[in-house]
Amino acid sequence: MSRLSILRLAGLFTAFVILLGALHSPASAEDKTLTVFAAASMKNALDDIDAAYTAKTGVKITASYAASSALAKQIEQGAPADVFVSADTDWMDYAIKQKNINEPTPVNLLGNSIVLIAPKDSKIDNVNIGPGFDLAKFAGDGRIATGDVKAVPVGKYAKAALEKLGAWQAAEPKFAMAESVRAALTLVARGEAVLGIVYSTDAKVEPGVKIVGTFPPDTHPAIIYPVAATTTAKPETADYLAFLRSSVAKTILEKYGFKFLISPTT
């Protein structure tokens, strides 16, 4: 066989190997992708965690952020999620009841607090949230933004706190109910609402707002973020959940102001 024929054969073999790789690589990449449905307030911190996890393992994370209520309903309707991170235990319990969660996996991972915010240039400042707190008076003719109090966790926490303080009835007509905590945050940052009730972690990542008061923890149910694998989760999910419980994840989450409720596993 001539040298030219050998070179041609070698070229054909190389092309065949490249073609095989091209045919197999999409499947391999697909096998190494996890889908995480997470509460909107988790976005900044979880984006950082996911980047760290991908750098470590090569597994790509596709994250979908919305109100926990919306995500739980999407999972119920068959949306292909591997992990669910809720901003309250109610919606995790709902997903468990609907048999959408792998029951041994839920962990109460994080804590948070709710705060009163105003646009950064607002004249409202240092509001004392306690007995006699009159939120309606502070809002004046303006609107107050938070998540839908009937479904979105931050809204449910906000309503509970205001009811405990005796401020809900007067303030209720002034509320603008948003589809998620981040939507409420945006309304305040744009000046479309004079006040808002969001998580402290949200206020921390939005330069367009300032915290003007913090709700005492005893005015509302404990703010707990449970995380779990769904019943349709890929096998790789267990390793991702372990990473969320690691000291690396703890450092990132605490940087954003979340409280880490468990002892890190690694």
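Colleague: Where is V198 found?

Modeller: V198 sits in strand β8. Strands (E, at least two residues) and helices (H or I, at least four) are DSSP runs, numbered from the N terminus. This is a predicted model, in which local features need pLDDT of at least 70, side-chain atom pairs count only at pLDDT 80 or more, and totals for chains, interfaces and linings use all residues. Residues are numbered from 1 along each chain as its sequence is written, and side-chain values use heavy atoms, with hydrogens and water left out.

Colleague: Is V198 buried or exposed?

Modeller: Buried means under 20% relative accessible area, exposed over 50%, partly exposed in between (1.4 Å probe, protein chains only). V198 is buried, at 0%.

Colleague: What is V198 in contact with, beyond its neighbours within four places in sequence?

Modeller: Contact means heavy atoms within 4.5 Å. With those neighbours set aside, the partners of V198 include I114, V115, V181, A184 and L185.

Colleague: Which residues of helix α8 are buried?

Modeller: Helix α8 covers residues 181–189, and its buried residues are V181, R182, A184, L185 and V188. Seen down the axis of α8, they fall within an arc of 155 degrees, so they line one face of the helix. The arc is that of the directions from the helix axis to the C-beta atoms. Here is the general idea. An α-helix has 3.6 residues a turn, so residues three or four places apart point the same way.

Colleague: What comes just after α8?

Modeller: G191 does, with a positive phi of about 80 degrees. A193 lies in the loop between α8 and β8 (195–199). A193 is buried, with a relative accessible area of 1%. Leaving aside neighbours within four places in sequence, A193 touches P119, R143, A145, L187 and V188. A193 and A145 are 48 residues apart in sequence, yet 6.1 Å apart in space, C-alpha to C-alpha.

Colleague: How are two packed helices described?

Modeller: By the angle between their axes and the distance between the axes. Take helix α2 (residues 43–57) and helix α10 (residues 237–244): their axes come within 11 Å and cross at roughly 125 degrees. Axes are lines fitted to C-alpha atoms, for helices over the stretch in contact, and angles run from 0 to 180 degrees between N-to-C directions. The angle makes α2 oblique to α10. Under 35 degrees counts as roughly parallel, over 145 as roughly antiparallel, 65 to 115 as roughly perpendicular and the rest as oblique.

Colleague: Which residues of α2 and α10 meet?

Modeller: In α2, L46, I49, D50, A52, Y53, K56 and T57; in α10, D239, Y240, F243 and L244.
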